[in-house]
Amino acid sequence: MGISEQDFNMLEDKARELRKLTVQTVSWAGGGHIGGALSATDILTMIYYKYARVDVKNPKWEDRDRVIVSKGHIGVGYAPVLADKGFFDKEWLKTYNHTESKLGMHLDVNKVPGLDASSGSLGHGLSIALGNSLGAKLLKKDINIYVIMGDGECDEGSIWEAAMAISHFKATNVIPIVDRNRCMIDGPTEEVMKLEPFADKWRAFGFDVVEIDGHNMYQIAEAFDKAKAAKDKPVVIIANTFKGCGISWMQDKYEYHYASIDASGVEKSVADIDAYHDARKAKGGK
Amino acid sequence: MANLNYTMLEATNMTTAEMYGSTLVQLAEQDSKVVGLSADLAKSTKIGALLDKFSDRLFNAGIAEQNMFGMAAGLAQMGFVPFASTFAIFTAMRGLDQIHTDICYQNLNVKMIATHAGLSFGQAGSTHHCTEDIAIMRTMANCKVIVPCDGFETAKAVAAAYETPGPVYLRINRGFDMPVYKSMDECKFELGKAQEMKEGTDLTIIATGACVARAMDAAKVLEGEGIRARVLNMHTIKPIDADAIKKAVHDTRRIITVEDHNIYGGLGSAVAEVMVETGKACAFKKLGVPDVFSIIGLHEDLMDYYGYGANGILAAARELMGADFEEDDNWDDEI
């Protein structure tokens, strides 16, 4: 499987567009969790534009793949993906965080078409995904459940309760992806609460670990293929990423967990994103 | 609807939780979407009754309540009707964040059947008592809260929970409950509608769960003293039967609430909220665990110890009957 060069170019362009739309949305929203949104943009792009079977005309289609963004605070980077995909009008993004808007900081499954679970309180998504998996098995449905988690989120004990159980139930159609941007609100993950040896922790819970550059489309696709092929042992993808990826002054800065951007900031950010993506595309995924 | 035709003999021989397990098996036989979850308490909560016929539909999360309720949410999203059972304290507290965000917020069809509620696991101490759950669970939007009084009512309430879309919290006790109803027919369980167990115009005793039997015992003694006590079985705490409470305020002007729960936040508070909004004076007494961590002991002893057994209710009733207030006012035009 993997992706073709044509796919690569399409995905690169899409990620660039979605990073810009994320920045726009942060400005409309009056602020947002931009750092962790931009670190996950490439993963979200790969899920929605290459892997997940979804139907924008029938968001509740029973046979769809499920996508659970367990790090629910990145709604400001996730809603643009759902809007761009066509689940709802992009105009909605302009109302982000406004009183009575359907879109708030943490997305609500009963208001946002295409969303599979409300999230916000951390450490929940993996358990929900396991429930989805067990249900799919009883229904004999062949679906995948993609779960995007933050690395800081893995401080939550419930993540490890779920990890233990996913391994126990051999729920290999759950595909956990950890957005390993190494930053949390109060500082670098290894300073606030040490996660390393992180991969070993997952291995100890019964997972095969695939570690990748989470901003490399070829590597993301390969990791997804490996995870989808898992039969007896689940696969976790540790995607090494940068918080604020694509905007030079935000990149790898935990201080940009949450930020607001004014009109001139949008212009500057968009130019920076273009420069970042131009360079990345030129490298051709090498 | 399950074929709920339990006899008195069966109800006498089965614990309340066994009535739950048996009813659940019937529901599972009729509906392949009924599934169960437990957290290493499948045997104690009797949800393990599913194992005989439906072992593929009972998921044990191990001692991991947060994960169990998250899994239940995920199963409900797939169209299943998950029944999740562990002790009340591990439901309403250990798993609460998942219940709040994954189940209630998303309005998913999960039935939380919590056992060992109140002081029913008396000897186990306060780590296993649960006298806070009604207060906690009735503030979860979308969630219904039910407290059946005996085995018959538990069977009916479990079936009603299955038929009611959305999250339901149902709390039952450990072991046997004193039977309140003599037959399935006598139990008229209807969600959100209190059952009048005894007519009366002098005062109203509003009880829930195991306290209904105590209220009935007390009402019989009061009858001998010439005090006609109305007894309401308030099996549904949310949505509360406001009409029955307003009627009690109007008709009897004296209300005692009785619950196997902290006196704060539970049945008594729910009744008081309705009562004060009527704008009418009403003598009122809440009976329950007086905001303490309970001593250990047998369930029935503890209810007596904390003054919400039959004797405690009697004392409160006599006190309220002695309360002096405007008996002569005509309130008929005020309701």
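Entry 1. I note at the outset that the model is predicted.

I looked up one pair of strands in detail. Strand S1 (residues 34–38) of chain B and S2(B) run parallel and are joined by three bridges. Within this pair, Ser38(B) stands opposite Asn60(B) in S2(B). As a reminder to myself, strands of a sheet pair through backbone hydrogen bonds, either parallel or antiparallel.

**Entry 2. Two helices of chain B.** Two packed helices are described by the angle between their axes and the distance between the axes. I looked up both values for helix H5 (residues 65–77) and helix H7 (residues 96–104) of chain B: the angle is about 10° and the axes are 8 Å apart. Angles under 35 degrees count as roughly parallel, and H5(B) and H7(B) are therefore roughly parallel to each other.

Which residues of H5(B) meet H7(B)? I listed Gln66(B), Phe69(B), Gly70(B), Ala72(B) and Ala73(B). On the side of H7(B), they meet Asp97(B), Gln98(B), Ile99(B), Asp102(B) and Ile103(B). Sorted by class, this contact has five nonpolar, three polar and two charged residues.

**Entry 3. The five-stranded sheet of chain B.** I next followed an open sheet of five strands in chain B, ordered S7-S9-S8-S11-S12, again with mixed pairing. Why is one side of strand S7 (195–198) and of strand S12 (283–289) left without a neighbour in the sheet? Both strands stand at the edges and have a single partner strand each, so one side of each has no neighbour there. Neighbouring strands of this sheet are turned by 25° against each other on average, with direction ignored.

Inside the sheet, strand S8 (residues 203–207) and strand S11 (residues 254–262) of chain B run parallel, and four bridges join them. I recorded one bridge by name: Ile206(B) has Thr257(B) in S11(B) as its partner.

Two helices were checked against this sheet. Helix H12 (residues 267–278) of chain B packs on it and touches S8, S11 and S12 of chain B, its direction making about 145° with that of S11(B). Helix H14 (residues 310–322) of chain B lies across S8, strand S9 (229–233), S11 and S12 of chain B, and runs at about 150° to S11(B).

**Entry 4. Backbone details.** Most residues other than glycine have a negative phi, and most peptide bonds are trans.

In chain A, the peptide bond from Glu196(A) to Pro197(A) is cis, with omega near 0°. Pro197(A) is found in the loop between helix H6 (189–192) and helix H7 (198–204) of chain A. In chain B, a cis peptide bond joins Lys238(B) and Pro239(B), with omega about 0°. Pro239(B) belongs to the loop between strand S10 (236–238) and helix H11 (242–252) of chain B.

For phi, I noted Arg182(A), which has a positive value of about 65° although it is not a glycine. Arg182(A) is placed in the loop between strand S3 (174–180) and strand S4 (183–184) of chain A.

I also checked the length of helix H9 (residues 263–283) of chain A. Its 21 residues, at 1.5 Å a residue, should span 30 Å, and the end C-alpha atoms are 31 Å apart, which agrees. Just after H9(A), Gly284(A) takes a positive phi of about 60°.

**Entry 5. The contact between the chains.** How many residues does each chain bring to the contact? Chain A brings 21 residues and chain B brings 22 residues. On the side of chain A that touches chain B, helix H4 (125–138) and helix H5 (157–168) of chain A each supply at least two residues. H4(A) gives the most to this side, with nine residues. By class, this side of chain A divides into ten nonpolar, ten polar and one charged.

**Entry 6. Confidence.** The complex has an ipTM of 0.95 and a pTM of 0.96. Chain B has a mean pLDDT of 95, and 96% of its residues reach 70 or more. Where pLDDT is low, the predicted coordinates should not be read in detail.

Terms used
Residues numbered from 1 in each chain as written. Chains lettered and ligands numbered in written order. Predicted model: local features only at pLDDT ≥ 70, side-chain atom pairs only at ≥ 80, totals over all residues. Contact = placed C-beta atoms within 7 Å. Nonpolar A, V, L, I, M, F, W, Y, C, P; charged D, E, K, R; others polar. Pairing = 2+ DSSP bridges. Axes fitted to C-alpha atoms, helices over the stretch in contact; angles between N-to-C directions. Expected span 1.5 Å × (residues − 1). pLDDT = per-residue confidence, 0-100. Parallel < 35°, antiparallel > 145°, perpendicular 65-115°, else oblique.
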